[in-house]
Amino acid sequence: MSGQQVNTGKRRILSGVQPSGEAHLGNYLGAFRQWVDLQDTYDCLFCIVDQHAITGQYDPALLPQRIFDMAVSLLAVGLDPDRCSIFVQSEVQEHTELAWLFNAVTPVGELERMTQYKDKSSRLESIPAGLLNYPILQAADILIYRAQAVPVGEDQLQHLELTREIARKWNAQYGELFPEPQAIVGGTGRIMGLDGEAKMSKSLGNTVGILAEPEEVWSQVRTAVTDPQRIRKDDPGRPEVCNVYSLHEFFTDSSDLPDIAEQCRTAQRGCVDCKKILAENVAHEFEPFRDRAAHYRDRPEEVMEVLATGARQATVLAQETMAEVRRKMGMDWRKALT
Ligand code: AMP
Ligand code: TRP
């Protein structure tokens, strides 16, 4: 039966991902790979954060498909709905209720200090309040399940620190309820995009999709920027500064790596051929993901059922927390007066 993860007594984790459609290599190496491993040791909740997505530019007409495609990606990489809950944030309405209540204990100064906020708001003439309040909703996502740990990329550590501060402040004011969640940081750090300039991100168009067919992987990888000093084919390259080489380190058999590096340094292999090997290895590693994705794309009702079950399981936990929160904050006034 799915749903066995509710109250198993294991430590609980929650993580979230934006509904950006099909996942990319950065999502996989930086996050999902680790989520798959954590399923065995923790009670796991994974949330597709559609209510966070509205704080940036987005097209409402495309959002449903992006949510669906992200769910397919999560299932394709090996999240197992019998061992974890996968759900869409807006289908558990308690998240936004708790976020509102957390407004009462969150200092505006802390929100204004967040790097992600400073970065995103600096490019805007008019800043939506949602961009500032984004980390409050993230804190609610985590604390509503009283999760003890949160697997995230390094870029999210600051938001997690603020989550702990919100937990502390709320507990101090209304009584002990929320644990202070710890970060579980995956080993990879951030994966650079194919442009070699910025982190791999859908909005920058510098990604390799994890569900791309081999030809598509090649057409993406062939655009990758390599060592800028290697202009002609027989210029010697520097694997240590080449983003293509750093991707080889994830996808190429470790026994083949010395050869890849040496052939680059001595210019015996050109960048195009080096990228071809990378593209083949990436496409090969993701073959099982493509197969699973094809299964789910042909059966959208199965994906919808997974998300509906996930939302039901999450709602049970969220409602337990909210009952406590409302009581401690003086909002179960009918009961209190009788
Ligand atoms: P997002 O798509 O921004 O919601 O990210 C979902 C998860 O993937 C988060 O845990 C991120 O830290 C991780 N992630 C996204 N892009 C990258 C990247 N380029 N390198 C490493 N991790 C990433
Ligand atoms: N802000 C996170 C990101 O951009 C996504 C997210 C939302 C999240 N809620 C979360 C991550 C809760 C971890 C826990 O990657």
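User: Which residues does the domain assignment of the chain give to domain 1 and domain 2?
Analyst: Bear in mind that this is a predicted model, where local features need pLDDT of at least 70, side-chain atom pairs count only at pLDDT 80 or more, and totals for chains, interfaces and linings use all residues. Residues are numbered from 1 along each chain as its sequence is written, and side-chain values use heavy atoms, with hydrogens and water left out. The bounds come from an automatic or database domain assignment. Domain 2 is 214-292, and domain 1 is 12-192 + 299-336.

User: How many residues of each domain are in contact?
Analyst: Contact here means heavy atoms within 4.5 Å. The C-alpha centres of the two domains lie 35 Å apart. Eight residues of domain 2 meet, on the domain 1 side, 11 residues.

User: How many residue pairs are in polar contact between the domains?
Analyst: A polar contact is a pair of N or O atoms within 3.5 Å; within protein, one must be able to donate a hydrogen and the other to accept it, and residues adjacent in sequence count only if both atoms are side-chain atoms. With both residues at pLDDT 80 or more, the count is one.

Definitions and conventions: Chains are lettered from A and ligands numbered from 1 in the order in which they are written.
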